[in-house]
Amino acid sequence: HKLSVSPEMDIMEYCRKEWRGNTPAAKRMRKGYEAVAQKFASIRRIRGDNYCAFRATLFQALSQATQLPRWLQSEDFTMLPENLLSKYDWIKQWQLRQKPGKRMGEINDEIKEYLILLRKKWKTISEINSPFEKQEACDKLFKNEEEEYCLYEALKFLMLNTAIELYNADKSGRRVPVFSWLLFARDTSSNPCQLMQNHLNQIGHSGGLEQVEMFLLAYALQYTIQVYRLYKYSTDEFITLYPNDPEEEWPMVTLITEDDRHYNIPVRMCQETML
């Protein structure tokens with residue numbers, strides 16, 4: 001059984017195992033891990049299959065969730081697919097995981113199911129008070145491959161919805177975050193339809209999330225994603241926030257990457273950090 005999130009391991013032990021040599025890159029990685037170890041005691045490896053950014057972010061969000069986010073509580077949350085499909089015909093080209101070529105009605109029903117599942121899981125886990133039991137519930141969820149991938153499909157759809165909102169806001173002259181311009185400045189995603197076809201449809205198949213899409217994920221979830229980018233150690237990009245000017249009330253999750261492609265998660269904050 002493939003483990004999506006492997007058990008905890010001491011951060012420095014993990015680092016010594018992975019980065020033995022004396023190359024400049026290995027030295028930089030070790031320094032980076034030492035810096036992370038000032039704040040966190042352990043690391044959990046995330047399975048790498050082009051969903052790892054989703055997996056790491058969602059696992060961290062759920063394992064510290066104490067309530068249902070506001071956007072998940074709204075009445076019309078599960079109506080999203082229907083509302084969007086009624087306005088944008090091109091969403092019919094959405095690629096359901098391992099089910100290419102689904103008809104429009106089915107896409108609507110399937111995505112609605114995924115959104116309901118996301119809300120249900122988030123609610124259930126956020127209501128667990130014991131940290132140990134909460135962790136167990138998360139571990140169990142991320143061992144259920146079928147459910148796990150349905151949740152990623154829901155996240156992708158939320159990203160599409162956020163992208164459409166930002167695109168429309170910009171077109172009507174309202175202020176949008178800088179990343180939104182960058183997102184739609186790419187030749188491959190000059191509008192939400194292209195973003196869906198060339199990027200969102202590919203996530204989990206031929207590619208993971210690009211950096212600008214990490215911003216989009218953060219906005220879709222209304223979470224700040226803090227990333228230790230180890231290969232950037234000793235530059236001001238070592239700790240990167242998505243978005244870089246986060247909303248104060250957004251909760252924060254922390255990830256680790258060695259290359260901006262694969263993400264793992266640090267766990268167990270050191271005592272003095274918590275104080």
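Helices here are DSSP runs of at least four residues, numbered from the N terminus. With that in hand, open the structure, which is a predicted model, and follow along.

**Stop 1: the sheet**

Select the strands to begin. Six of them build an open sheet with mixed pairing, running in the order S1-S2-S6-S5-S3-S4. Colour S1 (9-10) and S4 (239-242) next: these strands stand at the edges with a single partner each, so one side of each has no neighbour in the sheet.

Show Phe-40 and look across to S6, where Met-269 stands opposite.

**Stop 2**

**Stop 3: where H3 meets H11**

Select residues 52-63 for H3 and residues 211-221 for H11; the two axes come within 12 Å and cross at roughly 35°. The crossing is right-handed. Which residues make the contact? Show side chains for Ala-53, Phe-54 and Thr-57 on H3, together with Met-214, Leu-217 and Leu-221 on H11. Sorted by class, this contact has 5 nonpolar residues, 1 polar residue and no charged ones.

**Stop 4: the largest pocket**

Rolling a probe the size of a water molecule over the atoms shows where empty space is left. The largest pocket has a volume of about 780 Å³. It is lined by 22 residues, and those closest to its centre are Ser-63, Gln-135, Val-267, Arg-268 and Met-269.

Which elements give two or more residues to this lining? Colour S2 (40-44), H3, H7 (131-141), S5 (252-257), S6 (263-269) and H12 (271-274) to see them. H7 supplies the largest share, with 6 residues. By class, the lining has 10 nonpolar, 6 polar and 6 charged residues.

**Stop 5: two backbone details**

Finish with the backbone. Most residues other than glycine have a negative phi, and most peptide bonds are trans. Two places here are worth a look against that background.

Select Asn-50 in the loop between S2 and H3. Asn-50 is not a glycine, yet its phi is positive, about 70°.

Then go to the loop between S4 and S5, where Pro-243 lies. The peptide bond joining Tyr-242 and Pro-243 is cis, with omega about -10°.

Technical notes
Residues numbered from 1 in each chain as written. Predicted model: local features only at pLDDT ≥ 70, side-chain atom pairs only at ≥ 80, totals over all residues. Heavy atoms only, no water. Axes fitted to C-alpha atoms, helices over the stretch in contact; angles between N-to-C directions. Left-handed = near helix turned anticlockwise from the far one by under 90°. Contact = heavy atoms within 4.5 Å. Nonpolar A, V, L, I, M, F, W, Y, C, P; charged D, E, K, R; others polar. 1 Å grid on protein atoms, 1.4 Å probe; cavity = no way out; pocket = protein on both sides within 12 Å on 5 of 7 lines; lining within 4 Å. Points joined across faces, edges and corners; volume = space filled by probe spheres on them. Pairing = 2+ DSSP bridges.
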